[in-house]
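Have the picture open while you read.

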Amino acid sequence: MVTYNFNYISSKDKSYFEERVNQSCFLEQKLLLREYAESYVLPFKQGLSEGGVLDSQKHLVGCSTLHEELQGQLYKFKENQVKYIDEEVLYIGNLYSVYGHAITDNLKKVWFLYTKEFQYLMSKGVKLIYITFHGQELEPYVFDIFRLAGCDVSKAKRIDGVTKFRKIYIPDNSMILSHGRRLYTIEFKQTIERIKDSVSQKQYPIYEKVYLSRTAIKQKRDYGELCVERLFEKVGGYTILHPEKLSIEEQVYITSHCKSLAATVGSVSHSAIFCAPQTQLIVLQKANYINGYQVMIEHLAEGRVTYIDVNHTLPLKYPWGGPFFMGRTKYLARFFQVHLFDLYFLRREWYKYLTRYFHINISNLVNRIHG
């Protein structure tokens with residue numbers, strides 16, 4: 001059973017956070033395989049659609065998108081420009097080469113690949129297909145995650161143009177969005193357990209307390225994390241690891257064997273999905289919002305969760321997009337029971353962050369004016 005500690009976040013956010021996490025994220029639902037004759041695969045198109053499957057009447061199939069909330073985004077196409085393939089195919093999703101999505105959304109339909117019905121379809125010659133978010137080429141680690149889940153999708157075909165098939169099979173999603181909340185089924189949890197089991201006999205280092213860091217990533221969204229992670233290392237005794245320097249097997253093994261896992265909220269904290277029940281999960285808030293995927297993961301992992309506010313991030317319309325500024329806040333000092341003076345505004349990084357922050361806000365304002 002998951003438990004929460006919100007003693008280290010702002011009092012004004014506490015009731016909101018408690019409200020968001022106090023309901024179960026488990027969904028008891030029978031999953032089915034859907035069939036759509038003479039139907040279309042619609043790939044991503046910039047500014048118009050993230051892609052999915054259309055039925056014969058060109059209505060979007062809800063469980064074929066990456067984001068269930070984006071159901072109205074389509075684009076027109078001429079029938080004579082559509083490629084027709086007289087085959088039956090199994091659609092395994094709109095796949096995304098972002099780690100947090102690769103261990104959640106990409107796995108939503110994997111449950112069906114374990115069934116006898118799937119084996120029957122393969123014996124009939126049904127082929128696997130998928131589309132990709134933003135039309136991206138998938139990173140090798142995406143296929144590694146499927147492999148650890150017991151599924152070889154390396155020979156599945158990526159669809160890059162509007163294509164019509166004789167029949168498209170679509171498994172229901174084993175993780176869904178419902179009324180703003182991410183929910184998981186027993187099938188999704190079983191997929192995660194398969195991934196954990198696949199590395200259980202490996203021989204990798206075991207660390208009791210792990211801090212997963214983003215400081216080695218060259219990007220312009222996160223500022224100030226280094227001083228936070230140094231506190232975890234020097235005062236908390238955490239081992240600092242950079243996930244991008246580890247194989248997927250190593251990441252799963254390390255997170256499934258540690259007793260305490262700390263990370264900033266986002267893809268890196270989603271690694272908690274592989275933790276053993278009752279692992280201490282420390283989620284570092286780098287902006288004042290709650291991540292729905294993270295809450296679902298905490299419930300699935302049955303963790304002992306502590307949220308800590310480490311942010312000095314200025315308000316943004318879409319706070320999950322960043323940029324973010326982190327520091328040794330009073331909440332972090334309280335957690336480690338130390339005295340800290342966080343003079344973040346004297347650091348050069350603060351002004352780099354401000355430059356980035358105002359650049360994004362001005363760009364958004366210009367786009368709204370011209371839009």
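Which residues touch the most other members of the largest nonpolar core? Keep in mind that this is a predicted model. The core has 72 residues, and Leu90, Phe188 and Tyr307 are the ones that touch the most other members. Helix H8, residues 292-301, gives the most to this core, with five residues.

Let's zoom in on Leu90. Ignoring its neighbours within four places in sequence, Leu90 is in contact with several residues, including Leu33, Phe112, Phe118, Ile129 and Tyr169. Lys127 and Pro171 are also among its contacts.

Now look at helix H1, which covers residues 11-21. Its buried residues are Asp13, Phe17 and Val21. They sit on the same side of H1, because they cover an arc of only 60 degrees around the axis. The spacing makes sense, too: an α-helix has 3.6 residues a turn, so residues three or four places apart point the same way. The buried residues of H1 pack against strands E1, E14 and E15 and against helix H8. On the face turned away from that buried side, you'll find the exposed residues Ser11, Lys12 and Glu19.

Finally, the outside. Phe341, Leu343, Phe345, Leu346 and Tyr351 form a nonpolar patch on the surface, and together they have about 610 Å² of accessible area. Phe345 lies in the loop between helices H9 and H10. With a relative accessible area of 38%, Phe345 counts as partly exposed.

Note on methods. Residues numbered from 1 in each chain as written. Predicted model: local features only at pLDDT ≥ 70, side-chain atom pairs only at ≥ 80, totals over all residues. Heavy atoms only, no water. Core = buried A, V, L, I, M, F, W, Y, C linked by side-chain atoms within 4.5 Å. Buried < 20%, exposed > 50% of the residue type's maximum accessible area, 1.4 Å probe, protein only. Helix = DSSP H or I, 4+ residues; strand = E, 2+ residues; numbered from the N terminus. Contact = heavy atoms within 4.5 Å. Patch = residues over 30% accessible without salt bridge, like charges linked within 9 Å, V, L, I, M, F, W, Y side chains within 5 Å. Areas by Shrake-Rupley, 256 points an atom, 1.4 Å probe, with all protein chains shown as cover. Salt bridge = Lys/Arg side-chain N within 4 Å of Asp/Glu carboxyl O. Arc of directions from axis to C-beta.
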